[in-house]
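Visitor: Hi, could you walk me through this one? I'm new to reading structures.
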Amino acid sequence: MNIAKSFYSIFSRLYRKIKNQRLRSKLFLVYLLVSILPISFLVLYSYQTVKDQLIRQAVENIGSTIDQVNKNIENKLEMYAQVATLLYLDTQLRNYLINTYEAKDLSYLDAYDYINKTLYKMLAMNPNLKSITIYTENKSLFSDGLFIKHMEALPDALREQSLQAGGNITQFFPNNQSPAEKTVTLARSLNYLSLNYPYGILTMEISERELFSLIEKENNNKTIVVADENGNIITSGIKDRNIGNISEISDIGGKKTMVMQKTLKNGWETLVLLPYEELLGQAQKATTKMLFISIACILAAIVMIYGTSKFMTKRIEFLLQQIRKVERGSFALSFKPMGDDEIGQLSFALNKMSVTIQDLIHDVYKTELSKNEAEMTSLQAQITPHFLYNTLASISALAIKNNNPQVHRMADDLARFYRISLNKGKKCITIEKEIKLTEHYISIQKTRFEGLFNVHYVLDEELYQNTTLKLIVQPFIENCINHAIWDDECGINIVIKLAADGDDALFSVIDDGMGMPRDVFEKMRNRIEQPEGYGIYNVDKRIKLAYGERYGVQVYSRLGIGTSVQIRIPRTTMFL
């Protein structure tokens with residue numbers, strides 16, 4: 001009991017002594033214990049375990065390597081399977097292959113032309129393909145020795161293998177090839193969709209070098225082999241390229257070797273061979289390095305811990321001084337570079353926070369001024385339209401007083417035109433208002449150009465409650481009046497149409513005026529932003545920006561006949 005009290009008394013005195021020490025001394029003591037003890041234990045433990053850990057990691061890496069290689073190979077074969085599917089689904093190609101050609105029938109030339117273009121295109125799109133060949137039983141279609149060959153030219157083994165695959169891609173790897181010319185043949189039978197009757201066999205040849213490129217980057221410090229289901233080596237990183245079967249592979253250089261393998265979806269095998277000596281050598285080097293590094297760390301830790309604790313506490317004390325300034329309401333802080341660690345970031349954040357607080361105080365003041373200014377501008381903007389309407393009303397009243405009905409009518413139409421077009425600053429109005437807007441404009445122009453044009457309306461009133469951008473019809477009426485009238489005695493006729501076209505509303509403005517010369521029309525259509533097409537460009541651009549690229553303006557014109565403009569917008573009740 002007395003011994004327990006003695007230990008408790010000693011511990012209490014030590015705790016109080018440590019508690020009252022400066023932060024620098026506390027950090028030094030804690031860092032010393034936390035750093036040296038784990039490092040010492042790690043040196044002893046790691047020496048015993050690092051070898052097994054590195055071997056397990058090597059096994060996992062090899063498994064990942066095999067998975068990646070298999071994925072790359074399967075993706076490559078799938079890409080070529082898609083090429084074969086595209087050719088299989090080509091109905092025109094199938095018709096040319098199964099058609100019977102008479103002796104004097106020259107239609108086989110069309111067949112060769114189509115087949116050559118199609119297969120050349122596939123070769124151009126897939127430059128790693130060495131060749132594409134279709135073998136057919138159709139004797140009336142002569143072999144060209146390149147793309148079209150007869151079935152007897154196909155090896156029996158490949159033919160039987162392709163037919164048994166039932167329309168699926170099959171791989172054929174001839175084992176009598178020289179290492180420099182190794183190829184893999186991908187084949188599938190071509191048959192009707194509804195009948196199990198093959199009308200040909202499609203083959204594609206890819207070089208072994210292309211498959212080797214998929215494993216080349218992963219071949220460092222280890223050997224990767226890809227073989228078919230019979231063990232025949234398709235491609236490998238073995239220096240002796242004359243080895244044809246995995247059964248011929250013995251321990252590399254007479255050394256004990258670790259072998260891992262996995263099977264691809266098509267039955268191929270991927271093997272990775274890694275000498276155990278390579279693994280053990282790396283583990284031995286790693287453990288030796290770790291031993292020396294750990295000893296050096298223990299020696300350096302004592303020096304670094306003291307410097308770190310001193311450096312950290314010095315910066316913390318400086319930050320504490322700046323925080324006390326903020327506490328007293330002073331935001332003009334003085335900071336010196338303190339690094340990019342957590343304390344440096346804390347210093348940066350404190351400095352930024354003080355600047356932000358000052359900016360916020362300033363912004364609140366500016367916001368209040370801007371708010372007052374915006375309210376004054378809004379009130380001023382409301383005065384201008386009312387002033388315009390009142391002025392036009394005064395002109396109209398004065399015209400009536402002086403018995404001038406034309407001026408009265410123009411002023412009244414102009415007032416109505418602006419009242420609708422201004423629309424309280426909104427971009428959209430109803431189609432009914434757009435028609436009214438156009439009618440007011442036409443009324444003004446009829447007063448000016450009396451007897452020079454007649455306007456006819458063909459309107460679907462069911463569309464009146466839909467919305468549209470404002471002022472999309474008036475520019476084209478203006479174009480008709482300014483550019484289409486070629487005879488002051490005959491004048492022109494203008495037809496304004498409104499009709500539904502599916503989910504769209506279609507405005508049409510048609511005139512029987514002079515039309516446009518072809519060169520002017522082409523220039524306007526191709527460079528619509530030019531002055532002669534500015535009105536069209538403006539309306540077309542606004543519609544496309546509001547509704548999308550499928551909407552807009554189409555113009556048709558012929559010299560001496562007239563011009564037709566179609567304006568397409570969606571049927572909507574949305575106000576922008």
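Visitor: How many helices and strands does the protein chain have?
Guide: The protein chain has 13 helices and 16 strands. Helices (H or I, at least four residues) and strands (E, at least two) are DSSP runs, numbered from the N terminus. Keep in mind that this is a predicted model: local features need pLDDT of at least 70, side-chain atom pairs count only at pLDDT 80 or more, and totals for chains, interfaces and linings use all residues. Residues are numbered from 1 along each chain as its sequence is written, and side-chain values use heavy atoms, with hydrogens and water left out.

Visitor: Okay! What share of the residues is buried?
Guide: Of the 576 residues in the protein chain, 37% are buried. Buried means under 20% relative accessible area, exposed over 50%, and partly exposed in between (1.4 Å probe, protein chains only).

Visitor: Is cysteine 428 buried or exposed?
Guide: Cysteine 428 is buried, at 1% relative accessible area. Cysteine 480 counts as buried too, at 5%.

Visitor: And how many disulfides are there?
Guide: The search of the whole structure turns up 0. A disulfide here is a pair of cysteine sulfur atoms within 2.5 Å.

Visitor: Switching topic: which residues does UniProt mark as "transmembrane region"?
Guide: The unreviewed UniProt entry puts that annotation on residues 27–47 and 290–308. UniProt positions are in the numbering used here, feature names are shortened, and annotations may be inferred rather than shown by experiment.

Visitor: What does the chain look like over residues 290–308?
Guide: That stretch is 100% helix and 0% strand, with its end C-alpha atoms 24 Å apart.

Visitor: Where is leucine 37, then?
Guide: Leucine 37 sits in helix α2 (residues 23–88). Leucine 37 counts as exposed because its relative accessible area is 56%.

Visitor: Now a loop, please. Where does glutamate 229 lie?
Guide: Glutamate 229 is in the loop between β6 (223–227) and β7 (233–236). With a relative accessible area of 51%, glutamate 229 is exposed.

Visitor: Which residues does glutamate 229 touch?
Guide: Leaving out residues up to four places away in sequence, glutamate 229 touches Asn266, Gly267 and Trp268. Contact means heavy atoms within 4.5 Å. Glutamate 229 and asparagine 266 are 37 residues apart along the chain, and their C-alpha atoms are separated by 8.5 Å.

Visitor: Last one: what's up with phi of leucine 471?
Guide: Phi of leucine 471 is near 60°, a positive value in a residue other than glycine. Leucine 471 is in the loop between β12 (467–469) and α11 (474–484), and is partly exposed at 25%.
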